[in-house]
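Please look over the sequence and the model shown here before reading on. The paragraphs below lead through them step by step.

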Amino acid sequence: MSEYLYVGKSIPRTIETDKVTGRAIYIDDLKRPGMLYGKILYSKYAHAKIKNIDKSKAEKLPGVRAILTGYDIPDVRVGFIKDQTVLKKDVVRQFRDEVAAVAAISPEIAEEALGLIKVEYEVLPTVFDPVEAMKEGAPLVHEVDARGRPLKSNILPLPWKFYAGDIETGRKASAYTVKDSVSTTWVNQCCMGPSGCVAEFDMNNNLTLYDQTNVIHLGKQRIMEYFAQIGLKGKKVRVVNAIVGGSFGTKLDTDIYEFICMQLALKTRKPVKILFSREEEFFALPPRQPAIFDIEQGCDKEGRLTFRKCEALLDNGAYTSWGATTPSVMMMPMSSLYRVPNVSFEATCVYTNNIYCQAMRGYGNPQANFAVETSMDTLAEEAGIDPAEFRLINRNQSGDETPQRLKITSCGLEECINSVKEKLDWDKKKKDKKKARGVGMASLIHVAGGARVYMSDGHGIMIKVDQNGCVDVFESGTDQGQGSPTVISQIVAEALGFKPEDISLTMGDTGLSLWDAGTHASRHTFMAGNAAIRCCEKVKKQILDMAVQYMPKLIKGGFKRKKRKDPDFVQPDLDYSLISNPEDMDIRDRMVFPKSDPDHPYFKMDVREIVRSGLHVGVGDSRVVVAEEFYDPPTEMLDREMKGNLSMTYAFGTTGVEVEVDEETGEVTILKLIAAHDVGKAINPTLLLGQVYGAVYTGVGYGLTEEIKVVNGRVMNPNFRDYKMLTAKDVIPITPVVVEPGDEAGPFGAKGIGEPGLVPTAPAIANAIYDAIGVRITDLPITPEKILTALNDKQ
Amino acid sequence: MKRSVLLTVNGERHEVLIEPNLTLLELLREGLNLKGAKEACGIGACGACTVLMDEKPVNACIVLALEAEGKEIETIEGLVKGNDLHPLQRSFIDHYSFQCGFCTPGTIMTAKAFLHRNPKPSRDEVKNGIAGNICRCTGYENIVDGILNAAKEI
């Protein structure tokens, strides 16, 4: 009976039917009685003193209900290292600095009011280049730190350092070494649903925030901390998500507009909605963190890596969100992608007057992966080894413990590399090379079994079964489109022995859930799935306890009725001991049965009959079927040396690409793209492929087309026309390969797969382009202009 | 000065008084409370606001409501007949053609008009047909599957 009924099956997303009928309520669609509309006035300069703000004219505009500036609200610092205030006073440090906010009865009036607010500025010197910003005498972006102590440098007090082994030893053991410099730029997450929230206080100043966050509990925590500093200590906060129109990292931090929305709601005593325009989405929301890498690697004569040394420079922008923590994730590929004994990685974050950054799918991994996989290719060439063979020599393997102390429990990397080779016809393509055509590959490692970046990496879940056999699952994560309602209902159906259609899910509500560290880091299926399986065991136990109590009665009652109808009926002589012990029974596909005789003609009973009979049966015997489970895996926080096994398991994968480059136009055509991923076990294969396809497309954009153009701190292409995302017309012929080694720690063997597809895509393309035309583009995106320039330089 | 517009939306006639600069999307979403069509770009570059105007797909965010005078508008809300989903809606569920769902109503409306013009399209023709509808989640593959399979039923 090991065959699964629902796990491993492509169950359709029926649970989300509202999304195809227009009935799903996104923040855009949410309207509360008496709701006002908030708009934000941003800075006109990248660095300036605010001399004066005159809001008198705006205040007189009919329909305006409140105008706030930094001078009207408590001067409280927020953010990851508390280096900014909600509304800025005295100094602005970037174009997106929030200078004032308006609440009005319509978005149009709020917008008009913004135009009537007069702000006088005195322009200050600026710095936009992180290298320049590090130099002595560079204009200071911040004069003081969070505690008011004067600052002398733009370098952040976040010295990211990772060392393992000894670089010099590695160097001495090297037969070949290479040095490369690569860089990546800003890209926007481009959620189709714009950012926004509705803040609503009750008369006791308790807040309900209708939101889109993927960290409901951490978001609530940040708000509680903010409240404690603005005189609302102890007030209750409930974060409730609307349907979320994509996240890709944007909803990991509690953004400034959310605090502004709360302040406007407090001031007006009305619900207030802030909804971003696409333009704001581009210039007022933190994008992916750019980075510059200098990477050096060596290998011995046999091609075994001897050392990897890398220095990274991150343009932090004017303030600090999660972008500054991307080096903590960069350390994973730097230390643990392929076997490398000696590693040194240092990253410096520098303030500039540019936009600041945060998370995006893959966190720092795509950036660091571009560095590592570029270097892997140049080193393979230096050593005269085929790039695929070179990667196979150095591949990670099950049972490894990496220099970062990551424990590789299961690893399908070898199979991934070989699948890519086979499906690309790699050896033949390398041998019979056609002009301007080339193949390239890149691999990845990523957390796939949670990521202990907070003291608790747990996920809490509650499951109840009512007298109708309806199963309500209250889980603590969020869905931003990845399909968790379907996946979790499959897991619950399998583990509890019900059908997927019996299951309803409540997600994204702090008031109806236990703690969860957040739906990020490709962790949700793994964490919620494991919590669900454990919770289902408890619920099942309760039902089976009830079954042994009521099944004999129900069966005997049935016999009595039969006898009444048919006096000749002879009651069979049954061995009721088969159903006398809950441990000897099981539930599958809604049927309760004895394990020793699953198809017993009398002892197989619809579970709904049991709950209907056993739940509400009078004083003393009535009960409810409900259980909770908190799954917090035995993983480690990174220690002071940034080492520790922070995830229960790790995902591996390889992307292989064949390209053709038009040497006249510089245009790149992807002829084939193989995305091979070790997913542990696919709970829902088609849903999983959706994650791979989507991630690959974003990865191709990262490699070839996408770039936020920032000139002197200003975003020059804040719209979908000038920012080039891929459309359906940009046909990328993707062949996914799903490798399923199964992982002991995963729910039914599954690993996380939300981010991996994106990670190695851009470097695989870059490596294929090099193979095709012999020039290596080391700064993303690889545009036709860069290719033509490089080809010209080569000649 | 407000102007009067007479239009049909999902088979129902409406006479509305509107500001001349109101977009069709604003009229549908705010005036008629039909929230299915979404604004994602505001410049007609992504297709999330697609509705049908006399059976032709338009980006409602850049069409003035005044232009809808005398026209028949169809939105995602009009596709459900009684308890039955439109074959495209059914197929989008069965083929995982959406993730976050924000672009979905617009894409389905584009697809409906497209299949009307081209009932038996090839895979590439479908990709061209929905090139104006941006989706960040799916990588389009499953959307194309959804449309191709719906084509068999329509």
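What follows goes from the domains of each chain to the contact between the chains.

This is a predicted model, in which local features need pLDDT of at least 70 and side-chain atom pairs count only at pLDDT 80 or more, while totals for chains, interfaces and linings use all residues. Residues are numbered from 1 along each chain as its sequence is written, chains are lettered from A and ligands numbered from 1 in the order in which they are written, and side-chain values use heavy atoms, with hydrogens and water left out.

Chain A is divided into domain 1 (31-124 + 195-275), domain 2 (291-453 + 638-794) and domain 3 (458-631), with bounds that come from an automatic or database domain assignment. The C-alpha centres of domain 1 of chain A and domain 3 of chain A are 45 Å apart, and their contact (heavy atoms within 4.5 Å) takes 16 residues from domain 1 of chain A and 18 residues from domain 3 of chain A. The area buried between these two domains, that is, the accessible area (1.4 Å probe) that two parts lose on being put together, summed over both, is about 1200 Å², and carbon and sulfur atoms give 58% of it.

Between domain 1 of chain A and domain 3 of chain A the count is 1 salt bridge, a term for a side-chain nitrogen of Lys or Arg within 4 Å of a carboxyl oxygen of Asp or Glu. The side chains of Asp509(A) and Arg238(A) meet in a salt bridge at 2.7 Å, N to O. On the side of domain 1 of chain A that touches domain 3 of chain A, helix H6 (216-229) and strand E13 (237-241) of chain A each supply at least two residues; helices (H or I, at least four residues) and strands (E, at least two) are DSSP runs, numbered from the N terminus. E13(A) gives the most to this side, with 5 residues.

Chain B has its own pair of domains, assigned as domain 1 (3-79) and domain 2 (87-153). The C-alpha centres of domain 1 of chain B and domain 2 of chain B lie 21 Å apart, and the contact involves 17 residues from domain 1 of chain B and 15 residues from domain 2 of chain B. Together these domains bury about 1300 Å² between them, with 67% of it on carbon and sulfur atoms. Across this interface there is 1 salt bridge, and Lys112(B) and Glu74(B) meet through their side chains in a salt bridge at 2.9 Å, N to O. Strand E3 (residues 50-53) of chain B provides the largest share of the side of domain 1 of chain B that touches domain 2 of chain B, 3 residues.

Finally, the two chains meet in a contact that takes 53 residues from chain A and 45 residues from chain B. Chain A and chain B bury about 3900 Å² between them, 60% of it on carbon and sulfur atoms, and Val20(A), Met192(A) and Ala728(A) supply 19% of the area that chain A buries against chain B, more than any other three residues. The interface of chain A and chain B holds 4 salt bridges; Arg29(B) forms a salt bridge with Asp29(A), where the closest N and O atoms are 2.7 Å apart. Helix H1 (18-21) and helix H17 (685-704) of chain A each supply at least two residues of the side of chain A that touches chain B, and H17(A) gives the most to that side, with 8 residues.
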